[in-house]
Amino acid sequence: MNTDYSLAGKRIVVTRAREQAGELIRKIEERGGEALVCPVIRFVPPTDLTVLDDALRRLSTFDWIFFTSVNGVASFFQRIQELEVNMDEFTGRITAVGTKTAAALEARGLSVQHIPGKFTAEHLIETMHDKLKPGQKVLLPRSAIGRDVLPEGLMALGVEVTDAPAYDTVKSEENIAQLMSELKEKQVDIITFTSPSTVRYFLSSFSLTERQRYLEGVHIAVIGPITEKAVREEGLQVHIIGNEYSIDGLIEAMSNYTGWQSRRRI
């Protein structure tokens with residue numbers, strides 16, 4: 001039985017896509033917190049599937065597939081099923097960014113050969129220097145709005161990269177009116193962000209004046225340094241960041257946060 005109620009009394013906004021928010025919501029509630037569900041993004045098929053479809057029809061030509069998210073895994077295998085492609089045609093190796101992404105692949109019977117210690121594109125590139133050989137072919141099924149860091153870094157190592165949009169991330173305004181009311185009444189303690197897109201789409205719902213008024217006294221918690229950078233680029237302060245760039249790391253960071261006295265909810 002869980003006896004850690006370190007988030008008791010805290011009202012915490014979850015901005016993840018609804019289909020990904022379950023784990024974070026559950027762990028907030030397990031520690032006594034109240035999760036305010038306000039998904040600001042949702043995932044849809046990309047407008048153009050040409051690159052992905054072409055890659056899936058020649059899976060046997062790739063030496064590596066790099067998966068960067070659980071959603072990338074789900075979208076990849078959904079399209080494989082729709083095209084009736086046999087995954088057994090792929091005889092290369094698989095890399096996954098993060099343990100959750102690796103688990104999603106292993107649940108489908110695939111073996112993951114490499115998981116970087118830190119769950120960022122930058123660290124993945126650093127850890128692949130001695131594993132990639134010039135001329136190898138890498139398939140990268142990921143978000144249509146993914147950063148250029150990974151494909152550019154891989155190409156710098158001399159490999160051929162097929163950057164294939166497998167899904168797109170668009171804005172969702174589910175529950176945003178209710179959240180604005182909660183913020184206006186100073187009934188929110190923490191807002192969590194788990195990707196740069198959650199930051200951008202959340203803040204796009206507020207004018208600059210509303211940001212200052214509604215977010216005053218609210219603590220911002222982020223999953224890792226890439227999301228932290230997105231928050232800072234918007235001119236806001238990050239108060240909480242996990243040592244491990246995962247949901248577990250985010251939960252631990254919020255649970256261990258000691259900055260409440262100077263920023264108490266009114």
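How many helical turns separate Glu82 and Arg79 in helix 3? The tour below reaches that pair at its third stop.

**Before starting**

This is a predicted model, in which local features need pLDDT of at least 70 and side-chain atom pairs count only at pLDDT 80 or more, while totals for chains, interfaces and linings use all residues. Residues are numbered from 1 along each chain as its sequence is written, and side-chain values use heavy atoms, with hydrogens and water left out. Helices (H or I, at least four residues) and strands (E, at least two) are DSSP runs, numbered from the N terminus.

**Stop 1: helix 1**

Select residues 22–30, which form helix 1. Glu23, Leu24, Ile25, Lys27 and Ile28 are buried here; buried means under 20% relative accessible area, exposed over 50%, and partly exposed in between (1.4 Å probe, protein chains only). The buried residues of this helix pack against strand 1 (11–14), strand 2 (34–37), helix 4, strand 8 (190–193) and helix 11 (247–256). Select Gly32 next: this residue follows helix 1 and has a positive phi, near 90°.

**Stop 2**

The structure holds 16 salt bridges, a salt bridge being a side-chain nitrogen of Lys or Arg within 4 Å of a carboxyl oxygen of Asp or Glu. Display Lys27 and Asp248, which form one with their closest N and O atoms 2.2 Å apart. Asp248 lies in helix 11 and Lys27 in helix 1, so the pair ties together parts that are 221 residues apart in sequence. Lys27 is buried, at a relative accessible area of 14%, whereas Asp248 is partly exposed, at 33%.

Now select Arg31 and Glu252, another salt bridge, with the closest N and O atoms 2.4 Å apart. Arg31 is in the loop between helix 1 and strand 2, and Glu252 is in helix 11, 221 residues apart. Arg31 is buried, with a relative accessible area of 15%; Glu252 is partly exposed, with 35%.

**Stop 3**

Move to Glu82 and Arg79, whose side chains meet in a salt bridge (2.8 Å, N to O). Because they are three residues apart in helix 3, about one helical turn separates them. An α-helix has 3.6 residues a turn, so residues three or four places apart point the same way. Glu82 is partly exposed, with a relative accessible area of 46%, and Arg79 is buried, with 17%.

Select helix 3 (residues 70–83) together with helix 4 (residues 99–106): their axes come within 8 Å and cross at roughly 25°. Axes are lines fitted to C-alpha atoms, for helices over the stretch in contact, and angles run from 0 to 180 degrees between N-to-C directions. The two helices are therefore roughly parallel to each other, the term for angles under 35 degrees. Val70, Val73 and Phe77 in helix 3 meet Lys100, Thr101, Ala104 and Leu105 in helix 4, contact meaning heavy atoms within 4.5 Å.

**Stop 4: Ser205**

Finish at Ser205, in the loop between helix 8 (196–203) and helix 9 (208–214). Is Ser205 buried or exposed? Ser205 is buried, with a relative accessible area of 17%. Its side chain makes a polar contact with the side chain of Lys171 (3.4 Å); a polar contact is a pair of N or O atoms within 3.5 Å, where, within protein, one must be able to donate a hydrogen and the other to accept it, and residues adjacent in sequence count only if both atoms are side-chain atoms. Leaving aside neighbours within four places in sequence, Ser205 is in contact with Lys171, Glu173, Ile176, Met180 and Glu210.

Conventions. Angles under 35 degrees count as roughly parallel, over 145 as roughly antiparallel, 65 to 115 as roughly perpendicular and the rest as oblique.
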